[in-house]
Amino acid sequence: MMNAIAMDRQAVHEDYERARQTFHRLLDSASEEELSGATHGTKWTNEQLLWHMLFGYMVVLRLLLLVRVFSRLPRSVSRVFARGLDAATVPFDRVNYVGPRGAVKFYGPRRMGAAFDRVIDSLHRHLASEPDARLARGMHYPVRWDPFFKDFMTLADIYRYPTRHFDFHRRQLTLRNGG
């Protein structure tokens with residue numbers, strides 16, 4: 001049995017709300033010209049990068065499920081799974097790059113804002129109902145996929161991940177009101 005992990009849930013909830021407010025401020029204040037402008041250090045436009053930032057929160061909902069499943073298995077199972085995903089980094093990077101280019105055509109700024117609200121609300125509910133003992137459970141991750149993935153991450157780490165991802169990419173935006 002794993003020990004419970006200390007996690008400042010309130011700080012994570014506050015980080016989610018800060019990201020929500022920032023995301024809406026960025027979307028609401030950006031002109032079409034700014035949204036279609038280039039970013040710092042990526043090949044995406046500002047709008048595409050904003051979608052990628054939203055997607056960082058969306059993917060956490062799926063990661064929560066993966067942690068719950070893999071954390072009940074021997075660690076070697078998630079290690080093999082993570083190494084297999086690491087081996088697929090090149091196709092992952094391609095999908096990760098192309099995805100936002102297509103997604104913004106479907107979502108657009110208005111839908112992105114609504115989707116951000118839905119995913120943040122869902123993460124708040126999940127985190128609030130998460131038993132303390134479960135926060136210490138974890139699994140191995142494909143460290144080549146994301147600079148914020150560590151070899152082994154707990155559920156508590158996963159709840160903190162999307163805001164770290166968000167803050168990193170926010171610095172790459174070139175929007176006059178927060179990029």
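**Entry 1: Asp-151 and its partner.** I started with Asp-151, which counts as partly exposed at 33% relative accessibility. The model is a predicted one, so I kept that in mind throughout. Asp-151 forms a salt bridge with Arg-83, and the closest N and O atoms are 2.6 Å apart. I then checked where the two ends sit: Asp-151 is in the loop between strand 1 (138-140) and strand 2 (152-154), while Arg-83 belongs to helix 4 (residues 75-87), so the pair ties together parts that are 68 residues apart in sequence. Arg-83 is partly exposed too, with a relative accessible area of 35%.

**Entry 2: Arg-20 and Asp-121.** I counted salt bridges next and got 12. One of them joins Arg-20 to Asp-121, with 2.6 Å between the closest N and O atoms. This pair links distant parts of the chain, since Arg-20 is in helix 1 (residues 9-29) and Asp-121 in helix 5 (residues 89-129), 101 residues apart. Is Arg-20 buried or exposed? At 13% relative accessibility, I put Arg-20 down as buried, because the cut-off for that is under 20%. Asp-121 is partly exposed, at 31% relative accessible area. I also followed the neighbours and found a network of salt bridges that links Glu-17, Arg-20, Asp-117 and Asp-121.

**Entry 3: Arg-134 and Glu-130.** Here the side chains meet in a salt bridge at 2.8 Å, N to O. I looked up both accessibilities: Glu-130 is buried, with a relative accessible area of 3%, whereas Arg-134 is partly exposed, with 25%.

**Entry 4: the rings.** I turned to the aromatic pairs, and the count came to 12. The one I noted down is Tyr-57 with Phe-166, an edge-to-face pair at 6.0 Å centre to centre and 65° between the planes. Tyr-57 is in helix 3 and Phe-166 in helix 6 (residues 155-170), so I logged a link between distant parts of the chain, 109 residues apart. Both Tyr-57 and Phe-166 are buried. Which cluster do they belong to? Tyr-16, Phe-23, Tyr-57, Phe-116 and Phe-166 form one aromatic cluster.

**Entry 5: a charge over a ring.** I checked Arg-75 and found it over the face of Phe-152, at 3.8 Å from the ring centre.

**Entry 6: the surface.** I looked for a nonpolar patch and found Leu-65, Val-69, Leu-73 and Val-77 forming one, with about 320 Å² of accessible area together. Leu-65 has its place in helix 3 (residues 46-70). Leu-65 is exposed, with a relative accessible area of 53%.

**Entry 7: the whole chain.** I left the overview for last. Along the principal axes I read a C-alpha trace of about 55 × 35 × 25 Å.

Conventions: Residues are numbered from 1 along each chain as its sequence is written. This is a predicted model: local features need pLDDT of at least 70, side-chain atom pairs count only at pLDDT 80 or more; totals for chains, interfaces and linings use all residues. Side-chain values use heavy atoms; hydrogens and water are left out. Patches are made of residues with over 30% relative accessible area and no salt bridge: like charges are joined within 9 Å, nonpolar side chains (Val, Leu, Ile, Met, Phe, Trp, Tyr) within 5 Å. Accessible areas come from the Shrake-Rupley method with a 1.4 Å probe; for residues, only the protein chains shown count as cover. A salt bridge is a side-chain nitrogen of Lys or Arg within 4 Å of a carboxyl oxygen of Asp or Glu. Helices (H or I, at least four residues) and strands (E, at least two) are DSSP runs, numbered from the N terminus. Buried means under 20% relative accessible area, exposed over 50%, partly exposed in between (1.4 Å probe, protein chains only). Rings of Phe, Tyr and Trp (its six-membered ring) pair if their centres lie within 6.5 Å; planes under 30 degrees apart count as stacked, over 60 as edge-to-face and the rest as tilted. A charge sits over a ring if NZ of Lys or CZ of Arg is within 6 Å of the ring centre and within 35 degrees of the ring normal.
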